[in-house]
Amino acid sequence: MEPENLTSAVTAAPAPDLSLLVIGLLKGVQYREQDERQWGDLLNLQARVRDYVAVLNLDLVLDEAEGYAFLKSRPEPADDDPAPRLPRLVARRPLSFAVSLLLALLRKKLAEFDAGGSDTRLILSRDEIADLVRVFLPDGSNEARLIDQIETHINKVVELGFLHKLKSVGGSSAGIASYEVRRILKAFVDAQWLAEFDARLAIYQTALFTTAADQKGRDE
């Protein structure tokens with residue numbers, strides 16, 4: 001009796017599914033850490049994915065080093081360009097002034113963290129994030145109101161995908177929450193923008209003081 005053909009006994013790995021990859025990207029940002037196998041499929045099929053989403057007027061943004069990928073709308077044609085203006089499949093999300101400030105501060109913190117080169121994950125507590133914002137607020141701000149407002153802004157940044165709330169030790173809900181700053185933030189706040197950071201923060205701070213003064217005037 002001849003030995004069984006071992007080759008036929010090995011189950012072949014399923015071929016990468018292009019539709020599954022595109023659907024995942026249309027749902028949101030894809031991270032290597034979420035599914036290593038699917039990430040590998042995306043790397044192998046990225047040329048086909050780019051061709052596929054181009055029909056939808058989208059571009060694939062993939063950062064292999066940082067481990068994330070997402071879709072963005074292609075730039076709109078210039079006013080003198082006869083090309084048709086297609087509807088946007090990925091909608092723009094207008095951000096409030098406070099959320100924009102928080103994103104700017106987190107991006108700067110991430111740049112400083114990377115310069116240190118000690119780790120790859122920047123994790124901040126709620127209080128540490130609050131401290132980033134506090135220095136740009138007028139003296140005498142109501143502390144309880146400040147924390148409530150900052151938590152609201154943090155939740156919005158989590159919703160946008162730039163912060164990831166970490167589970168507390170033992171799964172308990174007690175204690176101060178901690179958040180990981182997602183590295184995809186670097187794709188939305190680029191190096192050129194960061195180079196103008198100090199000037200932008202001066203504008204932000206002026207606007208914050210103006211808003212606070214207006215609010216105080218209404219309260220009196």
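This is a predicted model: local features need pLDDT of at least 70, side-chain atom pairs count only at pLDDT 80 or more; totals for chains, interfaces and linings use all residues.
Let me begin with strands E2 and E3, the latter made of residues 68-73, which run antiparallel and are joined by six bridges. Strands here, at least two residues of E, and helices, at least four residues of H or I, are DSSP runs numbered from the N terminus, and two strands are said to pair if DSSP finds at least two bridges between them.

Residues are numbered from 1 along each chain as its sequence is written, and side-chain values use heavy atoms, with hydrogens and water left out.

As for the chain as a whole, it has 10 helices and six strands. Of its 220 residues, 30% are buried, where buried means under 20% relative accessible area, exposed means over 50%, and partly exposed lies in between, with a 1.4 Å probe and protein chains only. Among the contacts with a separation of 6 or more, 58% are between residues 24 or more positions apart, a contact being heavy atoms within 4.5 Å. The chain exposes about 14500 Å², and carbon and sulfur atoms supply 53% of that area; accessible areas come from the Shrake-Rupley method with a 1.4 Å probe, and for residues only the protein chains shown count as cover.

Now to the sheet that holds E2 and E3. What is the order of its strands? This open sheet of three strands runs E1-E3-E2, with antiparallel pairing, and its edge strands, each pairing on one side only, are E1 (30-31) and E2 (58-63). Helix H3, residues 36-44, packs on the sheet and touches E1, E2 and E3, its direction making about 120° with that of E2. Helix H4, residues 46-54, lies across E2 and E3 and runs at about 150° to E2. For these angles, axes are lines fitted to C-alpha atoms, for helices over the stretch in contact, and the values run from 0 to 180 degrees between N-to-C directions.

Looking at individual positions, leucine 58 has serine 73 in E3 as its bridge partner, while valine 61 stands opposite phenylalanine 70 in E3. Between E2 and E3 the hairpin has four residues, and glycine 67 there takes a positive phi near 80°.

Is tyrosine 68 buried or exposed? Tyrosine 68, which lies in strand E3, counts as buried because its relative accessibility is 4%. Leaving out residues up to four places away in sequence, its contacts include Val29, Trp39, Val61, Arg183 and Ile184. Valine 29 and tyrosine 68 are 39 residues apart along the chain, yet their C-alpha atoms are separated by 6.9 Å. As for the strand itself, five of the six residues of E3 are buried, so E3 is largely enclosed by the rest of the structure.

A contrasting residue is tyrosine 52, which is found in helix H4 and is partly exposed, with a relative accessible area of 39%. Together with Leu26, Val55 and Leu56, Tyr52 forms a nonpolar patch on the surface, with about 380 Å² of accessible area in all. Patches consist of residues with over 30% relative accessible area and no salt bridge, in which like charges are joined within 9 Å and nonpolar side chains (Val, Leu, Ile, Met, Phe, Trp, Tyr) within 5 Å; a salt bridge is a side-chain nitrogen of Lys or Arg within 4 Å of a carboxyl oxygen of Asp or Glu. Asparagine 57, in the loop between H4 and E2, has a phi near 65°, a positive value in a residue other than glycine.

I will end with the other sheet, an open one of three strands in the order E4-E6-E5, with antiparallel pairing. E4 (123-125) and E5 (163-165) are its edge strands, each pairing on one side only, and neighbouring strands are turned by 35° against each other on average, direction ignored. Three bridges join E4 to E6, residues 178-181, and serine 125 has serine 178 in E6 as its bridge partner. In E6, tyrosine 179 is the bridge partner of leucine 124 and of lysine 165 as well. Helix H6, residues 126-134, lies across E4, E5 and E6 and runs at about 85° to E4.
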